[in-house]
Amino acid sequence: MSEPESLEALIARQGPIPVERFMGLANAAYYAQGAAIGREGDFITAPEISQVFGELIGAWLFAQWQVLGAPDPVRVVELGPGRGALIADLLRVAALRPAFAKAIDLHLVETSKALRARQKQALGGRPARWHDSFDEVPEGPLLLVANEFLDALPVRQWVRREDGWRERLVGVADGRLAFQESPDPDPGAPAILASAHQAAPLGVIVEHCPTAHALIAKIAQRIARAGGYALFIDYGPAASAPGDSLQAVRRHRPAPILERPGRADLTAHVDFQALAETAGLAGVAVFGPLGQGVWLERLGIVLRTQALIARAPPDTAHALARATQRLIAPTEMGTLFKTMALAPKTSPPPPGYEVS
Ligand SMILES: C[S@@+](CC[C@H](N)C(=O)[O-])C[C@H]1O[C@@H](n2cnc3c(N)ncnc32)[C@H](O)[C@@H]1O
């Protein structure tokens with residue numbers, strides 16, 4: 001079998017490509033290898049830090065299933081389940097409510113074959129269907145969760161210049177990948193960019209994630225049509241802000257973005273404000289974004305951790321306390337990470353969003 005073409009070779013052959021295409025190709029290659037999620041890997045996510053994270057989300061979904069009138073079946077969907085930690089913890093809680101557990105029709109949206117295999121293992125024989133995209137999830141009431149999924153979707157970038165918005169590209173210079181700008185301004189940019197971006201000073205980079213907007217609109221339309229709730233947890237500011245947030249992480253450290261594409265995890269900040277506007281226009285109520293720490297505290301993370309600690313040996317007790325701290329402390333993941341829920345228009349605020 002011939003080796004897949006490297007990004008350097010593709011760009012040398014085709015010419016510079018938009019940052020969006022670069023990020024999409026690099027991440028597809030990265031996740032195809034199985035993605036090094038976890039302490040031993042490149043980065044760690046909330047469900048990998050503590051089982052309590054997925055357990056609380058399981059309880060949250062159960063509460064929202066009841067608000068929906070306990071539909072059977074209900075499509076329980078996770079976008080980008082990684083190694084399957086969140087879905088396994090969530091289902092363990094769901095199993096305590098037999099009617100809910102029976103109603104769950106499980107759908108996992110995952111493009112990486114290697115990660116699908118890990119997820120299957122984590123499910124331990126529980127039936128599920130895998131899809132390449134949300135479009136393939138059958139119609140019907142929906143309970144959807146996505147943790148650190150939106151930040152992996154490819155962003156477009158533009159730089160503000162005297163004569164307009166130049167799209168940021170990745171080309172080859174001196175035999176190495178290098179950022180470049182489109183030779184002409186992009187006349188389509190002003191219509192796409194968030195209003196906070198329009199006023200960016202000259203030279204500043206702004207971002208927009210077309211895939212995330214298209215996905216959020218589809219999920220919102222589904223909820224408006226068939227009922228349901230969607231919960232997004234990710235990192236980014238609460239309000240749209242100009243700036244270059246593209247970053248690469250390898251072995252828990254920032255890595256050069258253009259060096260060894262496909263060998264590091266590429267992410268960009270999620271623009272919650274812009275996505276909330278898109279969801280609202282598509283016909284749903286939006287709750288949040290709210291800091292992950294405050295949200296988890298309102299859901300009872302401290303009590304649940306104390307209950308686990310009371311039954312744990314000292315080493316485990318210390319690790320449990322430390323993990324909760326990591327999820328909720330403002331200096332760690334508590335503030336940078338946000339949660340945002342989409343709900344039917346007439347829905348009361350879901351748990352955690354009562355006082356925003
Ligand atoms: C950062 S990981 C998050 C893993 C998991 N949610 C967690 O919290 O541990 C991103 C996940 O999304 C998947 N993914 C990335 N881009 C995707 C896409 N366009 N369509 C479907 N899955 C995608 C990856 O393969 C991976 O499972």
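Leaving aside neighbours within four places in sequence, which residues is Leu-231 in contact with? The legends below take up this residue and its surroundings, in a predicted model in which local features need pLDDT of at least 70 and side-chain atom pairs count only at pLDDT 80 or more, while totals for chains, interfaces and linings use all residues. Residues are numbered from 1 along each chain as its sequence is written.

**View 1. Surroundings of Leu-231 in the largest nonpolar core.** Beyond those sequence neighbours, Leu-231 is in contact with Ile-57, Trp-60, Leu-144, Val-145, Thr-339 and Ala-341, two residues being in contact if their C-beta atoms, placed from the backbone, lie within 7 Å. The core has 91 residues, of which Ile-57, Leu-144, Ala-230, Leu-231, Ala-341 and Leu-342 touch the most other members; a nonpolar core is a set of buried Ala, Val, Leu, Ile, Met, Phe, Trp, Tyr and Cys residues joined through C-beta atoms within 7 Å, and a residue is buried if 20 or more other C-beta atoms lie within 10 Å of its own. Helix H5 gives the most to this core, with 8 residues, and helices here are DSSP runs of H or I with at least four residues, strands being E runs of at least two, both numbered from the N terminus.

**View 2. A second, separate core.** This core of 5 residues includes Trp-158, Trp-165, Ala-189 and Leu-193.

**View 3. The side of domain 1 that touches domain 2.** The chain is divided into domain 1 (1-32 + 156-208 + 243-262) and domain 2 (50-151 + 209-236 + 271-315 + 331-343), with bounds that come from an automatic or database domain assignment. Here 7 residues of domain 1 are in contact with 8 residues of domain 2. Helix H2 (19-32) and strand E9 (205-208) each supply at least two residues of that side of domain 1, and H2 gives the most, with 3 residues.

**View 4. The shell around the ligand.** The ligand is surrounded by 21 residues, the closest being Tyr-31, Thr-45, Gly-80, Gly-82 and Asn-147, where a residue is near if its C-beta atom, placed from the backbone, lies within 6 Å. H2, helix H3 (46-49) and helix H5 (85-94) each supply at least two residues of this shell. By class, the shell divides into 11 nonpolar, 7 polar and 3 charged residues, with Ala, Val, Leu, Ile, Met, Phe, Trp, Tyr, Cys and Pro counted as nonpolar, Asp, Glu, Lys and Arg as charged, and the others, Gly among them, as polar.

Technical notes:
A residue is buried if 20 or more other C-beta atoms lie within 10 Å of its own, exposed if 12 or fewer, and partly exposed in between; C-beta atoms are placed from the backbone.
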